[in-house]
Amino acid sequence: MGILNATAASPAEFDEKHGHSLIEGEEVIVAFKTIRDWIAFTSWRIIHVDVQGITGSKKQYLTIPYRSVTAYAIESAGTFDLDAEIKIYLSGHSPIEFKIGKGSDVSGLQSLMAEKLDRK
């Protein structure tokens with residue numbers, strides 16, 4: 001999976017468009033979107049929504065429980081870099097990589113991942 005040029009989005013906007021994918025009591029903490037795709041970090045898991053097809057009516061939802069994450073890497077944007085890069089490592093799989101726009105709350109995401117992986 002590679003989400004390029006994702007920008008920060010409102011958790012409420014994710015709820016509005018994809019709230020049916022959440023379970024009772026689950027809260028979206030951080031969300032990012034491209035023109036069509038989404039990635040949300042919730043209180044229990046990471047959800048990637050891959051919108052497919054010309055009309056966008058077909059969607060694939062990938063759920064990654066935090067307990068499945070073995071490691072992560074977050075590279076902040078530099079002076080000349082436009083994007084921050086995030087890699088999420090899963091046992092037995094290639095890392096999931098995506099980029100988020102400069103100005104996104106990288107330190108907040110770092111804290112969230114550290115907290116969630118510490119509680120495994």
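Two strands are said to pair if DSSP finds at least two bridges between them. Helices (H or I, at least four residues) and strands (E, at least two) are DSSP runs, numbered from the N terminus. The model is predicted, so local features need pLDDT of at least 70 and side-chain atom pairs count only at pLDDT 80 or more, while totals for chains, interfaces and linings use all residues. Residues are numbered from 1 along each chain as its sequence is written, and side-chain values use heavy atoms, with hydrogens and water left out.

**Overall fold**

The protein chain holds two helices and eight strands, in the order β-α-β-β-β-β-β-β-β-α from the N terminus. Of its 120 residues, 38% are buried; buried means under 20% relative accessible area, exposed over 50%, and partly exposed in between (1.4 Å probe, protein chains only). The accessible surface comes to about 6,900 Å², with 50% belonging to carbon and sulfur atoms. These areas come from the Shrake-Rupley method with a 1.4 Å probe, and for residues only the protein chains shown count as cover.

**Strand pairing**

Strand E3 (residues 38–42) is antiparallel to E4 (residues 45–52), and four bridges pair them. Two residues separate E3 and E4 in their hairpin, and Ala 40 has Ile 47 of E4 as its bridge partner. Six of the eight residues of E4 are buried.

Further along, strands E7 (residues 83–90) and E8 (residues 96–101) pair in the antiparallel sense through six bridges. Ile 86 is partnered by Phe 98 of E8. Five residues lie between E7 and E8 in their hairpin, where Gly 92 in the turn has a positive phi of about 80°.

**Nonpolar cores**

A nonpolar core is a set of buried Ala, Val, Leu, Ile, Met, Phe, Trp, Tyr and Cys residues joined through side-chain atoms within 4.5 Å. The largest has 21 residues, of which Phe 41, Ile 46, Val 69, Ile 88, Ile 100, Leu 109 and Met 113 touch the most other members. Two or more residues each come from E3, strand E6 (69–75), E7, E8 and helix H2 (106–118). H2 gives the largest share, five residues. Apart from this core lies another, of ten residues, including Ala 31, Ala 40, Ile 47 and Val 49.

Contact means heavy atoms within 4.5 Å. Beyond its neighbours within four places in sequence, Ile 46 has contacts that include Phe 41, Val 69, Ile 88 and Met 113.

**Salt bridges**

The whole structure contains three salt bridges, each being a side-chain nitrogen of Lys or Arg within 4 Å of a carboxyl oxygen of Asp or Glu.

| Pair | N to O distance |
|---|---|
| Lys 33 and Glu 13 | 2.8 Å |
| Arg 45 and Glu 26 | 2.7 Å |
| Glu 85 and Lys 99 | 3.9 Å |

Arg 45 lies in E4 and Glu 26 in the loop between H1 and E2, so this pair ties together parts 19 residues apart in sequence. Arg 45 is buried at a relative accessible area of 13%, and Glu 26 is buried at 9%. By contrast, Lys 33 is partly exposed at 25%, as is Glu 13 at 23%. Glu 85 is partly exposed at 29%, and Lys 99 is partly exposed at 29%.
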